[in-house]
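Got your viewer open and a selection tool ready? Let's take a short walk through this model, one selection at a time.

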Amino acid sequence: MNVINYGQLLQLIWPEIILTVTALLVVAIDLLFFRNSRVRVRFLVAATIGSAGCVAAIIKLLLASAQGSLLDGILLSNPLTHLVQIALLVITSVTLFLSVDSTFTAHVSEFVLLLLLATTGMMFLVGSQDLLVIFISLELLSLSVYILAGFDKRSVRSSEAALKYFLFGGMSAAFMLFGFSLLYGFSNSTSLTRIASAIHGQPLNPILIIAIVTTVIGFGFKIAAAPFHFWAPDVYQGAPLPSTAFIASGSKVASFFIFFQVLVLGFAGAEGSASLLHFQSGWIPVLVVVAVISMLLGNVVAIVQTSLRRLLAYSAIAHAGYMLLAFVAHTQQSLASLLYYVATYALATLGVLGVLAVTEKQLGNDTIHDLAGLSRRAPFLSLCLAIFVLSLAGIPPLSGFFAKFLLFSALLAAGPGSKLLLWLVIFAIGMSAVSLFYYLRILKRVYVADPPAEAGEIESSLLLRVIVGLLAGGVVVLGCAPDLILTQILNAIHASGF
Amino acid sequence: MLAWTIYISFLGALALFLLPSRRAAWARILALTTTIITFAITLTAFIQHRTGEMLTVAHYPWIPSLGIQFSLKADGISLTLLLLTGVIGVCGVLFSWNIEDRIKEFFAFYLVLLGAVYGVFLSFDLFLLFVFYEIVVIPKYFLIAIWGSTRREYAAMKLVLYSFIGSAMVLVGLIAAYVAAGSKSTALGDLAGYPFAPHFQMWAFPLVFVGFGILAGLWPFHTWAPTGHVAAPTAASMLLAGVVMKLGAYGCLRVAMTLFPLGLGPWGFHVLGFGSWRDVFALLAVIGILYGALVALVQKDFKFVIGYSSISHMGFILLGLMTLNQIGISGAVVQMVSHGILAGLLFAVVGRLVYSRTHTRDLTALGPMRLGKVIPFAAFTFVVAGMAGMGLPGFSGFVAELMIVIGVWHSYPSLIVFVAIGLVAGVAYIWRSMQMAFFAGTDLDTDPPPPPLPPISFSERLGAGILICASVIVGTFPQLFLNVIHPALNSPLFQGLRKGGW
């Protein structure tokens, strides 16, 4: 048994420590000095301090030594985890600023505290290859997020969302833990690499199959893949807007990354094959089924949605389906495409929700119908909304298109001549043609329909406009010059020896 | 220099977006200036072009880790089509001078569309080409849905979904080709030189060809075109029928056929008399010619006549491509130019000169208005455009169709009868609509005088004049274009195609 080197432990978790201290600082400062200030001021102060913490953590990550591992991967750091953690921190600080204009609660510091704790959970989640730490940090993330979803105490929908999220989440966590316990029993270790070596070279036995299925259920819930998606529409719709933004972006990025690691590292050797002629059970057939159902259900059900938030939820399910295809390929290139995809997807989703933060306040609801004539009432926000929505639909030169291109070419390159992969790509591209229909429906209301009579301009705070504008700029720049982060991702993957 | 056609168009759109609302009237001038500059650039490039040369316009690494380059090149074929785009672009603005509603946005979308079209014709990298090809889709939607007429939202959505499904098919083929060639480069030159396996080409070719063919109005995937053209505002239908449909045909020739030449070869067996994809597409093209002409013959709506005539004329282009001999393919390229000019002109007459004055396009309702008397200029323009379209010598349509027919004679003698029927039906529908729209009213002195209509403005006369001149130039000096098209077809890019079948 190894002995813990506490100095190394401290080195590895500096960013998480910074975040936790920041979270406590936010609570202290808010409750001590700003109790009687206006909510907006309190949010502004809390968001600034929180973001400062995020920035400090990012700087610490940039300066930290490239490689490090504690006790066989219980905690580890390499360029890849650093990159993902930086992305998570950026997303968190954007979410913090998105909440500045909200009025749903007077408990500002608690809200920000939970957001930062959830981020800490994600950081640990990303930086571990050990089932126990993965589970615990996933629970830290989940529990914080359940409360965040129900933070609007005055709204019935918010409570309903939180309850649903909690019940589904508890159930799927139970499944996951059950699977993990089987894995531990099977391999006598909680380390992903040890588990893989225990699996390796053996025929698949029933215990392992159960473990695969329950793990997929557990993570499928987090990434809102069908058929584990039932919480998503209600949570997206009912939760306060900043919580929705966090659930839809940050939590997705972290979950996708760790899901990929667990499957590809932990279940290496149990991939199986889903092609008809050489069918072999393993996790690939399971994921193919989940991906296809998600793409189909997400895209088809999104067509009939009238609420923009619910539409986003269903489109999130569809996008989860596309991203799961990267798992099917499970190559270095497909991991790069997955990371690029999920990061740019998070940007676009945050952007849409940022626009919604303005319109919901002014129009009173989030129906697509009420967006009529927005392009004449708020030209800048409409342009940004068009950029986000078209990026989600995969129209070049926006980043959503390049993400799809990268993903699909990685998929085909993974198995030259494989009929299954080709059909999956054809299906996915066909489904994205379907998705254009409902994305264009949003833009139709915004640009084509006439605004209601005597509707004036829509007021929005400068801060929100700046954030939304930055996000839109990010979507365009990453689409036009994808090399900016693509080379980073590729280098990080190579350096981490994935 | 040519690359600036793209940049200037996009910059113009940006400037229009930023234009303050109280200066909205400047939008027209700004749009006209932009299009004239781009037209001047294409014209200069066309004149300076040395035959047979592949002109490198821009070449930068773009995404080096994937081998994607920002590569713009022009040969004779693309220059010809760029010139067409320049002409139509200017005339489209001239015929939209009467737009008042949300004028800034109208011209902004118009210029984005135009810039993307320039981009497609210039791209020599398939990824880049696809990017521009997709950018075309979105402004089309808004132009039709906001400023259109008859069932505009339905037509716009239909058009966009058809285009997007077409480009989805193209994307599958392109990614498959890129990966099959080792994921090293997306340059057209590299991929066209790569020897793809024959069975791969056999499925990739029809996929990409049909994908582009949807935009080129390939029967039976043409149904977006008539509804889209009819619903679109005049400038948009001019661009749609005049240039955007050519993008599809250009993609068929430039991408599908150069990349997968073996896909055109015989299957080695016969199904229902078809021995290759080439036979299948040739037959579909002929059906398109006949179907478009015959349906145009029974339309009540004036604009639908023109809409269906486009299907018929686009059928000629696709048939010309499938002849796989030099005269047939050059004929197809000349037909692209010819139809671009004439469709632009016809839609301008129907949409702007007639419809925006009479507010009806019903042929039976137009008759009693005695438009031949009231707006003789419109009648004159329509007669000229119609004559050119039905293939009267001296106009562009004659040269193009003659070359295609000769090509068909060499390759598919059995189809020539149907092509001839299509040509005759072409004369018939033009004649019928001309008669019903302009010269149907009885001309008795006892009738009350027809209600006066707003006079034809200068910009309309200018636009119509430019297009008629263009058609006559192509018709009388086709050598001007053939001199650059032939060497382009003999360039290394089309080597695989030349070896493959012709």
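Start in chain A by selecting helix 4 (residues 79–98) and helix 21 (residues 483–495), whose axes come within 7 Å and cross at roughly 140 degrees. Axes here are lines fitted to C-alpha atoms, for helices over the stretch in contact, with angles running from 0 to 180 degrees between N-to-C directions. Helices (H or I, at least four residues) and strands (E, at least two) are DSSP runs numbered from the N terminus.

Before moving on, a word on the model. It is predicted, so local features need pLDDT of at least 70 and side-chain atom pairs count only at pLDDT 80 or more, while totals for chains, interfaces and linings use all residues. Residues are numbered from 1 along each chain as its sequence is written, and chains are lettered from A and ligands numbered from 1 in the order in which they are written.

Now show the side chains at this crossing. A:Pro79, A:Leu80 and A:Leu83 of helix 4 meet A:Gln488, A:Ile489, A:Ala492, A:Ile493 and A:Ala495 of helix 21 (contact: C-beta atoms, placed from the backbone, within 7 Å). By class, the residues of this contact are seven nonpolar, one polar and no charged. Ala, Val, Leu, Ile, Met, Phe, Trp, Tyr, Cys and Pro count as nonpolar, Asp, Glu, Lys and Arg as charged, and the others, Gly among them, as polar.

Next, select strand 1 (residues 55–63) and strand 2 (residues 68–74) of chain B, which pair in the antiparallel sense over seven bridges; pairing takes at least two DSSP bridges. Look for B:Thr56 opposite B:Lys73 in strand 2. Four residues lie between the strands of this hairpin, where B:Gly67 takes a positive phi near 75 degrees.

Which residues of helix 6 of chain B are buried? Select residues 137–147: 11 of 11 are buried, including B:Lys140, B:Tyr141 and B:Trp147. Buried means 20 or more other C-beta atoms within 10 Å of a residue's own, exposed 12 or fewer, and partly exposed in between, with C-beta atoms placed from the backbone.

Finish where the chains meet: the contact takes 25 residues from chain B and 25 residues from chain A. On the chain B side, helix 7 (152–180) gives the largest share, 13 residues.

Key: Two residues are in contact if their C-beta atoms, placed from the backbone, lie within 7 Å.
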